[in-house]
Amino acid sequence: MAAADELAFHEFEEATNLLLETPNVTTVSRSDQRPPEGHVAVAVGPGGSYGAEDEVESDKTALLQEEQQQPGFWTFSYYQSFFDVDTSQVLDRIKGSLLPRPGHSFVRHRLRNRPDLYGPFWICATLAFVLAITGNLTVVLAQRTDPSIHYSPQFHKVTVAGITIYCYAWLVPLALWAFLQWRKGVRERMGPYTFLETVCFYGYSLFIFIPTVVLWLIPVPWLQWLFGALALALSAAGLVFTLWPIVREDTRLVASVLLSAVVLLHALLAVGCKFYFFQPLPLEHMAPTHQNTPLHPHMVLTPTLPMPTTA
Amino acid sequence: MAEAAESPGDPRTTSPRPLFAGLSEISISQDIPVEGEITIPMRSRIRELDSSTLNESVQNTIMRDLKAVGKKFMHVLYPRKSNTLLRDWDLWGPLVLCVTLALMLQRGSADNENDGGPQFAEVFVIIWFGAVTITLNSKLLGGNISFFQSLCVLGYCILPLTVALLVCRLVLLAKPGPINFIVRLFVVIVMFAWSIVASTAFLADSQPPNRKALAIYPVFLFYFVISWMILTFTP
């Protein structure tokens, strides 16, 4: 009977191949009794280029996002969904941010449109503390060569570093996301990134500054600038490659202005941190006469460059 | 005879008999005593006495709490996998340690209002908000430890670093110099490692297995920052 052949179980080869490639992907078994509307079928499409999978993936992400928004924002499990990552996934995302490749958007390729908040939060915390600590360490090292420099723990720098980094990592993505949402009408094909995805790739892009800041301990100025430029280049390249698929459909003017603004802000952060936390040491002799109020750590609201007290 | 001795518990052969069917044949006479004593097991009797602690002397109350805190300190100093810190958590120990640390660390040398060590409030906030953030982090990652248990463990494991601060304070009374610094560095590093080992011994089991490193890294960062504050302390 031909019907028996139709009823026999057919293995879906493409599905198993896709599963082999991406073992972390959530899949749905057909034997579940749940109604299928919230679920995603494993899309079988042309193998190689990611361009052709755009529409399929944006459908997939739309469905996944609908599913994710079901617990209300007042429940704990809503926030738990943003921390749903394993150690290997976080390490993989960090590696992806260190080595950006043209044509591979971080959000699509590494996050697979499942952003997490663990990475951005703890990378920012680590960067803030590392900045303050290594900034202090340079004074210690300088004191060993030149005993006239007075060492002090400079604890207020921790507060300044924390505020600066967290404001950068949350307010700039907010502005970027708002701008992209505003320009949404111009694009036909690509939906914009969600706010969390924007925060996520900004946070991971800051990771490269952590080893850079540690390397800034070496007191050779041109080496410090070299490391800084390298880190900035890698980080900004990651940001640009991630934003490129969204922005290329816009007008040339808007695209170029947006990308250069992103790179410029990133550069400002790097240079500002270099100057504030790693002040050139002769300036230590002149104690800056800040007449701040006793509430000083909490009154620093804007991350500004210090007034250059040039001799 | 066989008929009279129908086995009541054989449902397959006989029709089911109603429950307590034979009770109607028993008559309660005056001879059967219907009074007695209900004995309760020892343990719950002790629990019943414990709940009425209002009448004990103040010294008893304080000593009992102090002994509990002291027992937990011992568990931190000699960490092995045990449930004591988790089961009977309390926050007295962390409070005492945090206040000690903050009092001793506040405002190390300053020739300027801005430079100098942390204020009392800054140390306090770092310790408590750091512990709360780590706890929230581990709960969001899916750990099954309660909020206060985790705070308790993190607070008690600051004990080695407090000991390091006391040792550093004593060492700083001696002549300053590189040897002074090396000794302090060594002490702080050893105590930092001890804190990490102690807290990992208590916290690691409650995390899902493929996220242990994600949950432990913030603990490492937390104790690293506290060690840094202790190491850079100059009176």
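Biologist: How many disulfides does a search of the whole structure find over all chains?

Modeller: First, a heads-up: this is a predicted model, so local features need pLDDT of at least 70, side-chain atom pairs count only at pLDDT 80 or more, totals for chains, interfaces and linings use all residues, and side-chain values use heavy atoms, with hydrogens and water left out. Residues are numbered from 1 along each chain as its sequence is written, while chains are lettered from A and ligands numbered from 1 in the order in which they are written. A disulfide is a pair of cysteine sulfur atoms within 2.5 Å. Searching the whole structure, over all chains, the number of disulfides is zero.

Biologist: Okay, so which cysteine has the sulfur closest to that of B:C98?

Modeller: B:C98 is buried (under 20% relative accessible area; exposed is over 50%, partly exposed in between, with a 1.4 Å probe and protein chains only), at a relative accessible area of 1%. The closest cysteine sulfur is 14 Å away, too far for a bond, and it sits in B:C152.

Biologist: And how far is the sulfur of B:C152 from the closest cysteine sulfur?

Modeller: B:C152 is buried too, at 0% relative accessibility. Its closest cysteine sulfur belongs to B:C157, but that is too far for a bond, at 8.7 Å.

Biologist: What pattern does chain B follow along the sequence?

Modeller: Helices (H or I, at least four residues) and strands (E, at least two) are DSSP runs, numbered from the N terminus. Chain B has nine helices and zero strands. Reading along the sequence, you get α-α-α-α-α-α-α-α-α.

Biologist: How are helix 7 and helix 8 of chain B oriented to each other?

Modeller: Axes are lines fitted to C-alpha atoms, for helices over the stretch in contact, and angles run from 0 to 180 degrees between N-to-C directions. The axes of helix 7 (residues 159–171) and helix 8 (residues 178–203) of chain B come within 8 Å and cross at roughly 170°. Under 35 degrees counts as roughly parallel, over 145 as roughly antiparallel, 65 to 115 as roughly perpendicular and the rest as oblique. Helix 7 and helix 8 of chain B are therefore roughly antiparallel.

Biologist: Which residues does B:S150 contact, leaving aside its neighbours within four places in sequence?

Modeller: B:S150 lies in helix 6 (residues 147–156) of chain B, and is buried at 1% relative accessible area. Contact means heavy atoms within 4.5 Å. Setting those sequence neighbours aside, B:S150 contacts B:T135, B:I145 and B:L203.
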